[in-house]
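Subject: Structure handover

Hello,

Please find the structure below, with my notes after it. Have a look at it first, then read on.

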Amino acid sequence: MLVALAIAPAGLAAACTGTPAAGPTATGPISSAPPPDPLADHLTAERRLLGSYQATIARYPALAKRLAPLRDDHRAHVTALEQALGLAPTATPTASASPTPQVTDIPPVPAAAAAALVALRNAEHAAAAERAAACLTATDTAAPLLASIAACESSHEALLS
Amino acid sequence: MSQLDALQTALAAEHAVIWGYAVVGAKVSAELRPQVRAADAAHRGRRDAVAGTIRRLGADPALTRASYRLPFPVADQAAALRLALHLEDGAAAAWRYVVAATDDRVTRQTAVTALTDAAIRGTGWRRLVTPAAPTVPFPGS
């Protein structure tokens with residue numbers, strides 16, 4: 001019997017979109033300060049990583065072609081985490097070379113292109129490990145998002161190796 | 001979908017991927033064959049591990065099919081590489097679903113690792129198929 005090579009079941013796509021539903025704490029301001037969402041730390045880290053890519057591309061334009069697709073992935077991560085946290089998107093111009101304003105502690109770009117690539121690779125490695133570890137105890141809603149971001153960052157690390 | 005259903009789906013995906021890599025291997029050049037063999041071996045290991053997990057949960061592991069229908073004709077290396085990419089994307093989707101379907105940390109760790117491995121292998125094929133866009137932001141979604 002021939003069976004279609006449909007390796008993900010029907011209906012899976014709807015459950016696995018890259019746009020997660022807003023979490024229960026994401027419905028707007030309330031009078032008492034809610035506990036910080038664990039995803040907030042990951043949003044900060046993704047903004048910092050995005051800033052590192054933007055700073056590296058600004059410093060070494062010759063790397064732009066290679067790094068731009070990876071930078072764009074991190075921009076998508078930032079957007080998805082903002083949506084998961086119920087935040088309004090930060091309307092940064094897509095081609096902006098300046099780091100996202102909320103991030104102030106972007107590491108300095110190394111003084112050689114090769115070293116800058118190593119720094120990004122190391123940052124991707126650390127980021128993937130953080131996201132994968134957090135995934136283990138995350139909610140059913142947040143876990144797939146964190147897992148996919150971790151997987152993406154591991155693929156970035158492989159590309160930069 | 002329960003954890004068991006999700007694991008059975010992941011197993012069914014691994015069966016399909018292993019079948020698909022045989023098709024891929026027949027159409028790629030000799031220099032790409034080690035990459036195909038490595039991917040095939042990794043998926044066989046994943047298949048055996050998840051089948052063992054399903055047995056420990058008291059269920060019978062899903063069986064492989066005699067044959068599968070290809071998503072498109074695979075007549076040359078270019079199509080074979082697209083098929084390899086399709087296989088890894090499918091495996092990533094199945095394992096991402098396991099992540100959501102289980103609260104068990106060991107199972108979730110296994111699923112995250114399998115999703116990550118599929119994303120890395122997918123990137124290896126994607127850089128040959130679409131060099132300008134070698135990655136996707138949310139593997140498995």
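The notes below cover confidence, then each chain, then the contact between the chains.

Confidence

This is a predicted model. For the complex, the predictor gives an ipTM of 0.96 and a pTM of 0.86. Chain B has a mean pLDDT of 97, and 100% of its residues reach 70 or more. For chain A the mean pLDDT is 82, and 72% of the residues reach 70 or more.

Two stretches of chain A should be read with this in mind. Over residues 9–28 of chain A, pLDDT stays under 50, and the model has 34 contacts beyond four places in sequence for that stretch. Over residues 95–101 of chain A, pLDDT also stays under 50, and here the model has 13 contacts beyond four places in sequence.

Chain A

Chain A consists of 161 residues, of which 37% count as buried. It has 5 helices and 1 strand, and from the N terminus on the order of the elements is β-α-α-α-α-α. Among contacts in chain A with a separation of 6 or more, 72% are between residues 24 or more positions apart.

Helix α4 of chain A covers residues 113–135. The buried residues of α4(A) are A:A116, A:L120, A:A123, A:E124, A:A127, A:A128, A:R131, A:A132 and A:C135. What do these buried residues pack against? Within chain A they pack against α2 (39–59) and α5, and in chain B against α3 and α4.

A:L146 is in helix α5, residues 142–159 of chain A. A:L146 counts as buried because it has 28 C-beta neighbours inside 10 Å, where 20 or more are needed. Leaving aside neighbours within four places in sequence, A:L146 is in contact with A:H42, A:R131, A:A134, A:C135 and A:A138. Of these, A:R131 and A:C135 are among the buried residues of α4(A). A:L146 and A:I106 are 40 residues apart in sequence, and their C-alpha atoms are 22 Å apart in space.

A:R48 is in helix α2 of chain A. Is A:R48 buried or exposed? A:R48 is buried, because 20 other C-beta atoms lie within 10 Å and the cut-off for a buried residue is 20 or more. Not counting residues up to four places away in sequence, A:R48 touches A:V103, A:D105 and A:I106. A:R48 and A:A119 are 71 residues apart in sequence and 13 Å apart in space, C-alpha to C-alpha.

Chain B

Helix α2 of chain B covers residues 33–56. At 1.5 Å a residue, its 24 residues should span 34 Å; the end C-alpha atoms are 35 Å apart, which agrees. The buried residues of α2(B) are B:V36, B:A39, B:H43, B:R46, B:R47, B:V50 and B:T53. These buried residues pack against α1 and α4 of chain B. Just after α2(B), B:G58 takes a positive phi of about 90°.

How do α1(B) and α3(B) lie relative to each other? Their axes come within 9 Å and cross at roughly 170°. Angles over 145 degrees count as roughly antiparallel, and α1(B) and α3(B) are therefore roughly antiparallel to each other. The residues of this contact divide into 19 nonpolar, 5 polar and 2 charged.

B:A78 is in helix α3 of chain B. It is partly exposed, with 13 other C-beta atoms within 10 Å. B:A78 and B:V24 are 54 residues apart in sequence, with their C-alpha atoms 9.9 Å apart in space.

Between the chains

How many residues are in contact across the two chains? On chain B there are 40, in contact with 34 residues of chain A. The elements giving two or more residues to the side of chain B that touches chain A are α1 (3–27), β1 (67–69), α3 (77–101) and α4 (105–129) of chain B. α3(B) gives the most, with 10 residues. By class, this side of chain B has 25 nonpolar, 10 polar and 5 charged residues.

Regards

Notes. Residues are numbered from 1 along each chain as its sequence is written. Chains are lettered from A and ligands numbered from 1 in the order in which they are written. This is a predicted model: local features need pLDDT of at least 70, side-chain atom pairs count only at pLDDT 80 or more; totals for chains, interfaces and linings use all residues. Two residues are in contact if their C-beta atoms, placed from the backbone, lie within 7 Å. Helices (H or I, at least four residues) and strands (E, at least two) are DSSP runs, numbered from the N terminus. Ala, Val, Leu, Ile, Met, Phe, Trp, Tyr, Cys and Pro count as nonpolar, Asp, Glu, Lys and Arg as charged, and the others, Gly among them, as polar. The expected span of a helix is 1.5 Å times one less than its number of residues. A residue is buried if 20 or more other C-beta atoms lie within 10 Å of its own, exposed if 12 or fewer, and partly exposed in between; C-beta atoms are placed from the backbone. pLDDT is the predictor's confidence in each residue, from 0 to 100. Axes are lines fitted to C-alpha atoms, for helices over the stretch in contact, and angles run from 0 to 180 degrees between N-to-C directions. Angles under 35 degrees count as roughly parallel, over 145 as roughly antiparallel, 65 to 115 as roughly perpendicular and the rest as oblique.
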